[in-house]
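Let's take a walk through this protein together, starting with the overall fold and ending with a few backbone details. Keep the model open beside you as you read.

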Amino acid sequence: MGIKFLVNVLLIIHGVFRLKTAILYYSRTGNTELLVKLLVGALSKQGVAVDVFKVKPLKDYSPPLHLNPRLVFDTLVRKGTSVKLEPADFNPLEYNVIVVASPIWIGNLSPPIQQVLRDYAGKLKNYIILTTSGLKTKSESLSRKTESILREKPVFCLNITVPEIRNEALLTSIIQNLASRILSYLMAKQ
Ligand SMILES: Cc1cc2nc3c(=O)[nH]c(=O)nc-3n(C[C@H](O)[C@H](O)[C@H](O)COP(=O)(O)O)c2cc1C
């Protein structure tokens, strides 16, 4: 009984180590990047292997961002922009779960992330959408938007507001919960 239990625990731990997570993100003013860094730390502590890919527009948006016509056009009309990934060798098939993180711009995902979703449509299966925004943004509407691009429902969407990011204690608990949700999802997939 004791040995069987120990073997099972070891098998689960071994399985979680084998399961790979990727995080793809764009961040213009640093909020989303901060979340990504904290999430990587929280997942790594739990033994989850994480590869991070930064989505870089070939030409980033210059301030004042709210008055940048190319930003507005790319967000609402073009629904994307030319991007590269750093590092470049992202293969979605290598990952058990993929977190896609973006700021919200004018109620939408940022153009670099809209572009990545479109580029990998049909290949991103188990994905989670993580967004940051000034005001509360409804997860259901983000879920519908991403599903319309990828033809696949996200595992879940989570939006974190700037006031939540500024509250260190609250942010720590949000990140812990998020890492636990991802870990439970990975364990259920074994
Ligand atoms: C051009 C622009 C448009 C924005 N639009 C929204 C919006 O529609 N709703 C919202 O709640 N926050 C909006 N924000 C606030 C950002 O979503 C928020 O600051 C986010 O955390 C920025 O992420 P980043 O620091 O990773 O770039 C906007 C910010 C900018 C610069």
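The protein has seven helices and seven strands, and please bear in mind as you look that this is a predicted model. If you trace the chain from the N terminus, the elements come in the order α-β-α-β-α-β-β-β-α-β-α-β-α-α. The radius of gyration is 17 Å, close to the 16 Å that the globule rule gives for 190 residues, so the protein is as compact as a globular protein of that length. Along the principal axes, the C-alpha atoms fill a box of roughly 65 × 35 × 30 Å.

As for burial, 30% of the 190 residues count as buried.

Now look inside. In soluble globular proteins, nonpolar side chains tend to be buried together. Here the largest nonpolar core has 36 residues, and those with the most contacts inside it are Ile23, Leu24, Leu39, Ile98, Val99, Val100 and Ala101. At least two residues of this core come from each of strand E1 (20-25), H2, E4, helix H4 (111-119), E6, helix H5 (139-150), strand E7 (156-161) and helix H7 (168-188). For a close-up, pick Val100: leaving aside residues up to four places away in sequence, Val100 touches Leu24, Ile113, Leu117, Tyr127 and Ile129.

With seven of its nine residues buried, H4 is largely enclosed by the rest of the structure.

Is Glu140 buried or exposed? Glu140 has 8 other C-beta atoms within 10 Å, and a residue with 12 or fewer counts as exposed, so Glu140 is exposed. Between Glu140 and Phe156 there are 9.3 Å from C-alpha to C-alpha, while in sequence the two are 16 residues apart.

Next, the ligand. Which residues are the closest to it? They are Ser27, Asn31, Thr32, Pro103 and Ser133, out of 21 residues that surround the ligand. Helix H2 (31-45), strand E4 (97-105) and strand E6 (127-133) are the elements that give two or more residues to this shell. Sorted by class, the shell has eight nonpolar, 11 polar and two charged residues.

Finally, the backbone has a few spots to check. Most residues other than glycine have a negative phi, and most peptide bonds are trans. A cis peptide bond, with omega about 0°, joins Pro63 and Pro64; Pro64 lies in the loop between strand E2 (49-57) and helix H3 (69-78). Glu86 and Pro87 are also joined by a cis peptide bond, with omega about -5°, and Pro87 is in the loop between strand E3 (83-86) and E4.

Positive phi values turn up too. Ile106, which is not a glycine, has a phi of about 50° and lies in the loop between E4 and strand E5 (108-109). Ile106 is exposed, with 10 other C-beta atoms within 10 Å. Arg151 has a positive phi near 60°, lies in the loop between H5 and E7, and counts as exposed with 10 C-beta neighbours inside 10 Å.

How values were computed: Residues are numbered from 1 along each chain as its sequence is written. This is a predicted model: local features need pLDDT of at least 70, side-chain atom pairs count only at pLDDT 80 or more; totals for chains, interfaces and linings use all residues. A residue is near a molecule or strand if its C-beta atom, placed from the backbone, lies within 6 Å of it. Helices (H or I, at least four residues) and strands (E, at least two) are DSSP runs, numbered from the N terminus. Ala, Val, Leu, Ile, Met, Phe, Trp, Tyr, Cys and Pro count as nonpolar, Asp, Glu, Lys and Arg as charged, and the others, Gly among them, as polar. The radius of gyration is taken over C-alpha atoms; the globule rule is 2.2 Å times the number of residues to the power 0.38. A residue is buried if 20 or more other C-beta atoms lie within 10 Å of its own, exposed if 12 or fewer, and partly exposed in between; C-beta atoms are placed from the backbone. A nonpolar core is a set of buried Ala, Val, Leu, Ile, Met, Phe, Trp, Tyr and Cys residues joined through C-beta atoms within 7 Å. Two residues are in contact if their C-beta atoms, placed from the backbone, lie within 7 Å.
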